[in-house]
Structures are given as C-alpha cells and as structure tokens.
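Here is a short report on one protein model. It is meant to be read beside the sequence and the 3D view.

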Amino acid sequence: MADALPTLIAAGVALSVVGLLFAMFAVGRQFAANYQEKVLETTNVKLSEMFIFMDSKQLTRISVAATFLLPIVLLIVSGNPLLAIGGAVVCLFGPGLVHKRLRNRRRKLLIRQLPDTLDSLVGGLRSGLSLPQALGLLAEQLPKPSNQEFSLVVRKLRMGVALDVVLDELEGRIESGEYTMFTTSMKIAREVGGNLTESLERLSETMRKKLTMEDKIDALTSQGKLQGLIVGCLPLFLMWVLTEMEPEAMAPLYNTWMGYGVLLVIFILELIGFVVIKKIVTIDV
C-alpha cells in the first residue's frame, strides 16, 4: 500500500493537470468565440460602413496571430512580462481602437468637405438639374470619402428608397452635427417649401465660418497640447536617463514584481494625465 501511494498521487496530479488543461481550453474557446462575435465581427461591420471591406476570417487570423506573437516577441526582446501582457491587451482591444480612430479621421474629412459639397449641390440645382441628378453629380465629382457617401445615397434613391429615409441613414452613418443640419435643411425644404438653394448656400457659409473658428482654436491650443505632451513624457525621459546612468539601482524596477507594480501605477497616472490635458485643451464650437 505504501509503495502504491506515490503512484496514486502522481496519477491524481496528472488527472488534475489534464482537467485543468481541458478547462482552460474550454474557457479559451468560449472567450475566442465571444471575442470574434462581439469584437471582430462588429468591427468588420463598422469598417464596411466606412467602405473598408475585409473578410471577417482574415481579420480573425490577423488578430489571433498578433495576440499570440507580439507578447512572445516582447517577452523575448525585453524579458519583461508586464510589457508582454500590455502587448496582449493592446492586441485584444486594438481592432476597436483602430476603428474609432479611422472613423474620427473620416468624419473630420467629411465635415471639411461639406461646404464644397454644398456649393456643388447648389450649382447643380441652379443649372436646372433635379435633386437626384444633382446628387448623382456629387457622387461623380466629389473626392473621397464624400463621393462614397453620396454614391450610396444615389443608389438607394434609384432603388426606390424614400429621400427622408436615405437622409436619415446618411446622418446616422456620419453622426455629425453638420450633416444633421444639412439633412434637416433638405427635409424642411422638401416638406414645407422654400428656396433650397439659398438655404444650402447660407448653410455652406455658416459651416465655413465654423471651420475657420475651429482652426483658430486649434492654433491657439496647440501650445498647450505641446506642453502637455512634454510634461507627460518628462517622467519617462527621466526614467530612461536614470536607467542609463545607474542601471543597477534601477534594475529592481524592471525585474521584480514590486517594480512591475510601480510601472503599472506610472502608466495609469500618465494615462490619466493625458486624458485630463486633452479635456482641458479640447474646445467644442
């Protein structure tokens, strides 16, 4: 009996390890399924709304490969497990962050192009074209991304979709106050009557003044943004200088769990500082 006890213990440990591996595999598989459904497929749909088409399987392969390979590379290069964990977190939430950034850039470009879009629409209406014909002219002549949006508008109008529905969808895709004013002016002129060209012309002039004011505000707040960037990067620069000057004294910061905790606190405080500074220098017109 005494001789069989080590064998039983070893068998129990082996079964426990196998059970733990199966449990981890099941949890990982469920997490991967949920991640693909809630993050990757949602991101793929949102990218298609911006006329960026990517196969969901390809997006899944890229995300999974990056999530597994980047932490391993960071761990091998730096030897810091905290940095590897941070790389994995960035890869997990990367698709959503990239989509948000692309969407903001695209929306800003659409807003920048809207005054010229309105001028082109007014010119087409005054030349005797109907509203669908003028919108079709916009789809042909405007630069990207405005021509993509108005091409979709024209195609839906040709399919028989009501103008109000098409305008509502345009407003919902862009989610901009400027496009809300544009679609509202179109609806009011269509339902109540009035001179649509004059309304759009006044709206174009108002938007140009608004964009000019925003450019002036950006110029005035650029110094504050630069100061915030310098102040935020100064602790990281000092940490690098001290590491180069006294590597032995700074080694516990990169090789111990207490040091990892300090680095995590530094990262959180830096992130809070950047967010607060951005809130201060961001002025909505």
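## An aromatic cluster

Phe182 counts as buried, at 1% relative accessibility. Buried means under 20% relative accessible area, exposed means over 50%, and partly exposed lies in between (1.4 Å probe, protein chains only). Tyr179 and Phe182 form an edge-to-face aromatic pair, 6.2 Å centre to centre with 90 degrees between the planes. Rings of Phe, Tyr and Trp (its six-membered ring) pair if their centres lie within 6.5 Å; planes under 30 degrees apart count as stacked, over 60 as edge-to-face and the rest as tilted. Tyr179 is buried too, with a relative accessible area of 0%. Tyr179 and Phe182 are three residues apart in helix H7, so about one helical turn separates them. An α-helix has 3.6 residues a turn, so residues three or four places apart point the same way.

The structure holds four aromatic pairs. Another of these joins Phe150 and Phe182, edge-to-face at 6.3 Å centre to centre and 65 degrees between the planes. Phe150 lies in helix H5 (residues 146–158) and Phe182 in helix H7 (residues 177–191), so the pair ties together parts that are 32 residues apart in sequence. Phe150 is buried, with a relative accessible area of 1%. Phe150, Tyr179 and Phe182 form one aromatic cluster.

## Model and conventions

This is a predicted model: local features need pLDDT of at least 70, side-chain atom pairs count only at pLDDT 80 or more, and totals for chains, interfaces and linings use all residues. Residues are numbered from 1 along each chain as its sequence is written, and side-chain values use heavy atoms, with hydrogens and water left out.

## Overall fold

The protein chain has ten helices and zero strands. Helices (H or I, at least four residues) and strands (E, at least two) are DSSP runs, numbered from the N terminus. Along the sequence the pattern reads α-α-α-α-α-α-α-α-α-α. Of the 285 residues in the protein chain, 29% are buried.

H7 has 15 residues. From first C-alpha to last, H7 reaches 21 Å, close to the 21 Å expected at 1.5 Å a residue. The expected span of a helix is 1.5 Å times one less than its number of residues. The buried residues of H7 are Glu178, Tyr179, Phe182, Thr183, Ser185, Met186, Lys187 and Ala189.

Helix H8 (residues 196–245) has 50 residues and should span 74 Å at 1.5 Å a residue. Its end C-alpha atoms are 70 Å apart, which agrees. H8 has a kink of about 40 degrees, centred on Thr221. The bend at a residue is the angle between axes fitted to the seven residues ending there and the seven starting there.

Pro143 sits in the loop between helix H4 (131–141) and H5. At 48% relative accessibility, Pro143 counts as partly exposed. Its C-alpha is 9.8 Å from that of Leu110, 33 residues apart along the chain. Pro145 is found in the loop between H4 and H5. The peptide bond from Lys144 to Pro145 is cis, with omega near 5 degrees.

Ser146 lies in helix H5. Ser146 counts as buried, at 0% relative accessibility. Ser146 and Arg106 are 40 residues apart in sequence, and 9.5 Å apart C-alpha to C-alpha. Glu175 lies in the loop between helix H6 (163–174) and H7. Glu175 has a positive phi of about 55 degrees, although it is not a glycine.

## The largest pocket

The largest pocket has a volume of about 2,200 Å³. Of the 50 residues lining the largest pocket, the closest to its centre are Arg101, Asn104, Phe274, Lys278 and Thr282. Two or more lining residues come from each of helix H3 (81–126), H8, helix H9 (247–255) and helix H10 (257–281). H3 gives the most, with 17 residues. The lining divides into 26 nonpolar, nine polar and 15 charged residues.

On a 1 Å grid over the protein atoms alone, a pocket is an open set of points where a 1.4 Å probe fits, with protein on both sides within 12 Å along at least five of seven lines; lining residues have an atom within 4 Å of a point. Grid points are joined across faces, edges and corners, and a volume is the space filled by probe spheres set on the points. Ala, Val, Leu, Ile, Met, Phe, Trp, Tyr, Cys and Pro count as nonpolar, Asp, Glu, Lys and Arg as charged, and the others, Gly among them, as polar.
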